[in-house]
Amino acid sequence: MTRELHDGYGRGINYLRISVTDKCNYRCVYCMPEEGVPARAHDTLLRAEEIARFVRLVASEGITRVRLTGGEPLVSHRIVPLVAELRAIPQIEDISLTTNGALLPSLAPALRAAGLDRVNISLDTLDAGRFAAITRRGRVEQALAGIDAALEYGFDPVKVNTVVVRRMEQDVLELAKLSLERPVHVRFIEYMPIGGGEDPVAGTAEARPSSPSAMNSAGPHCGASAASALNPDLWNASDVVPSAELRERISAEGVAAGIGALEPVDSRDGAPYGAGPARYWAFPSAAGTVGFISAMSNHFCSSCNRLRLTADGALRPCLFSDAEYQVREALRAGDDDAVRAIYREAIAHKPQEHDQIDGTQRFMSQIGG
C-alpha cells in the first residue's frame, strides 16, 4: 500500500531526483571544473540495479515521480535498462530526464520505448562561439538536434533549460523565440550558488556590466571571453539576474522585434505538465511557453516536494545544504528496513527553507541539481 510521507512542515514528498552519474561529456563553466570532477572508485557509485531497487522501496513510501540527472545521464551505458526497470514499478507515474541533448538523437528511440515520458534539454545560448565557451567542448548544433529528436519521438512536454548568468551575456530573446513555432517550453533559471565561495574580484561593480544595454554594447562575441572567466567553484551574487528583470527585458525586446510582449498563461491551458516551481508566460499565438524559475529571488521552499539521490548513494533533503544521509551500504547489505529508515530520516530533517545560501561542497554535476 502506497502512502505519501510528509516532512516536519507538512510538505508531501513524492518526487525523487536521481544523479545516475557525475560524469559529463561537457564541462559547463557554472557546473564543474574544466578538468571534470575528481575520479572515484567504481564501487563507490550506485549501480543501476541498486538505483532501481531504491526506487522500488521508496515508491511504497509515496514517491510517484522520478527525474534522472547527472552529470550527463546519457553517458551511462545503463540508462536505457534503468528507465525500463523504473517503468516497471507500478507506483511510478512519471519518469523524466535532464540532458544536454548531445546524445539524445541516437538514444531517443530506445528511451521512448523503455518508458521515458519527457525530457529537459539544457541550452544556455544559440550563439555558436558563446556555446563552445560555456560548455568548453560542446556544439550548439548538438543541443538543437536533441530538441528535434525529443519532439520527433513524442516526449511531452519538451522543456529547454537556460541558466542565466549576468556575465555570460546570453541571447535570451533568441532562446525564448524557440517557443514560437514549436511546442517547446523554454525555462530561464536563476543562477544558483552551487560549488563554493565568493569571487572577490568578479563581485565588484567594476567587474560586471551595470545594465543589459551595457552588456549588449560589447559586441556579439564578448560572451565567450566573459564565460571563460567564470569559475564553477566561485560564487558571486551579482551574477544572478532576477526573473522579474529578465521577463521585462524579454518582453521589451519582443515588442521591439514585432513579436509582442509575454503574457501570463494562468488563464489558458498552456502550462506544461510537471511545471513545479516555474511560472509560465507566452508570446501571442506561440506554440510553446516561456517559463521562469526564481530559485534565488523568490524561494519556493514552502512547496518543495523533492529529495535528491546522488550518484554515490547519498540522500540530500535540500539542494543548498550539505546534510546527506548515506543509503549505499544499507542497499548493498540487503537491509530494506534500514534503507526505508534512512529515507524517512532524510525527510524528517528536510529544512523548512534555505534562508542563507552559502554554497555547497559539491559541484552541481555531483548533486543532480
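A salt bridge is a contact in which a side-chain nitrogen of Lys or Arg lies within 4 Å of a carboxyl oxygen of Asp or Glu. The structure above is a predicted model, in which local features need pLDDT of at least 70 and side-chain atom pairs count only at pLDDT 80 or more, while totals for chains, interfaces and linings use all residues. Residues are numbered from 1 along each chain as its sequence is written, and side-chain values use heavy atoms, with hydrogens and water left out.

Side chains of opposite charge can pair when their charged atoms come close. The structure contains 19 salt bridges. One of them joins Glu174 to Lys177, with a distance of 3.3 Å from N to O. Residues are called buried under 20% relative accessible area, exposed over 50%, and partly exposed in between (1.4 Å probe, protein chains only). Glu174 is partly exposed, at 37%, and Lys177 is also partly exposed, at 28%.

Another salt bridge connects Asp7 with Arg11, whose closest N and O atoms are 2.6 Å apart. Asp7 is buried, with a relative accessible area of 7%, and Arg11 is buried with a value of 7%.

A salt bridge also forms between the side chains of Arg182 and Asp148, at 2.5 Å from N to O. This pair links distant parts of the chain, 34 residues apart: Arg182 belongs to the loop between helix H7 (178–181) and strand S8 (184–190), whereas Asp148 belongs to helix H5 (residues 140–152). Helices (H or I, at least four residues) and strands (E, at least two) are DSSP runs, numbered from the N terminus. Arg182 is partly exposed at 26% relative accessibility, and Asp148 is partly exposed at 40%.

Salt bridges can also be joined into a network, as they are for Arg47, Glu49, Glu50, Arg78, Glu85 and Arg332.

The next topic is the largest pocket. On a 1 Å grid over the protein atoms alone, a pocket is an open set of points where a 1.4 Å probe fits, with protein on both sides within 12 Å along at least five of seven lines; lining residues have an atom within 4 Å of a point. The lining of the largest pocket comprises 17 residues, and Val20, His42, Leu46, Ser76 and His77 lie nearest the centre. Helix H1 (48–59) and helix H2 (79–87) each supply at least two lining residues; H1 gives the most, with three.
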